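Thanks for coming. I will go through some ring contacts and then some strand pairing.

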Amino acid sequence: MILKKYINMKRKLLLFIFILLFSKISEAKVIDRYGFRIGGGYSNNITMRKGQFGDIIINIWNYPKLSPCFYFNAEKKLTNFLFIRSEIGYIQKGFIDDYFINLPDGNKLKIEDDKVMLDDLSFNLAFKVEPFAKNYWPYFILGFRGDYLLKNRSAQVKYNETMYQQYKYEVDHINKFTISGLLGVGFKFQDFMYFEFEYNPSIFYNYIDSESFIIDRYIGVSLGINIDGIN
């Protein structure tokens, strides 16, 4: 319990730092590039539980779900090849699952393709490395992502006037704010357009309760536009 409170305190501090740094970097007088990117990818998660003897029981990964994202961003040039980039936007995470619900009358209710969706307000803070001073060369991204849960959704099934929702407890009890890593590689076209591939793995456990926690991941691709480079 003490460890969980400590981790939650660290998450709140990191959220404050994300917002503060984004507001500072995004001031017009320090922006070298600004724009937006839109894309999508696959999100997934795995639930881990403590066993009877304190060991970790790992369930298999669920089916990945196609998840959209949209970000506004601003960049500040630090050196000839190093930028710092802050972003704020929306990302949807979650997973797909097939399962049976055991009913009170002894029957089983089969649920197929239950889409569990987590709508997040997302903050990214990363270093962008452009090792080649060329207009059509790759670059690399290394940083952190903070997601604040706005809304969750999962399937509700009615049977004999009773509503059943398999993942209601899990999605109602996960942490509101989570921290994950951000690794990416992109390819720019002049200073106007770029394609970007990213991998977004968990860093901290996303707790459901004292005995269960979730690890998630996101793999995506996006198309970006630098508004200041349009001309």
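**Rings and strands**

Phe-189 is partly exposed, at 30% relative accessible area; that label covers values between buried, under 20%, and exposed, over 50%, with a 1.4 Å probe and protein chains only. This is a predicted model, where local features need pLDDT of at least 70, side-chain atom pairs count only at pLDDT 80 or more, and totals for chains, interfaces and linings use all residues. Residues are numbered from 1 along each chain as its sequence is written, and side-chain values use heavy atoms, with hydrogens and water left out.

Phe-187 is also partly exposed, at 33%.

Next, the aromatic pairs. Rings of Phe, Tyr and Trp (its six-membered ring) pair if their centres lie within 6.5 Å; planes under 30 degrees apart are stacked, over 60 edge-to-face, the rest tilted. The whole structure has five such pairs. One of them is Phe-70 with Phe-72, edge-to-face, with 5.0 Å between centres and 85 degrees between planes. Phe-187 and Phe-189 have planes at 65 degrees and centres 5.3 Å apart, so this pair is edge-to-face. Ring pairs also link Phe-36, Phe-70 and Phe-72 into a cluster.

Now the strands, which are DSSP runs of E of at least two residues, numbered from the N terminus. Two strands pair if DSSP finds at least two bridges between them. Strand E1 (residues 33-50) runs antiparallel to strand E3 (residues 65-77), with 11 bridges. Opposite Gly-35 is Asn-73 in E3. E3 also pairs with strand E4 (residues 82-102), antiparallel, over nine bridges, and a hairpin of four residues joins E3 to E4. Across that pairing, Glu-75 has Arg-85 in E4 as its bridge partner.
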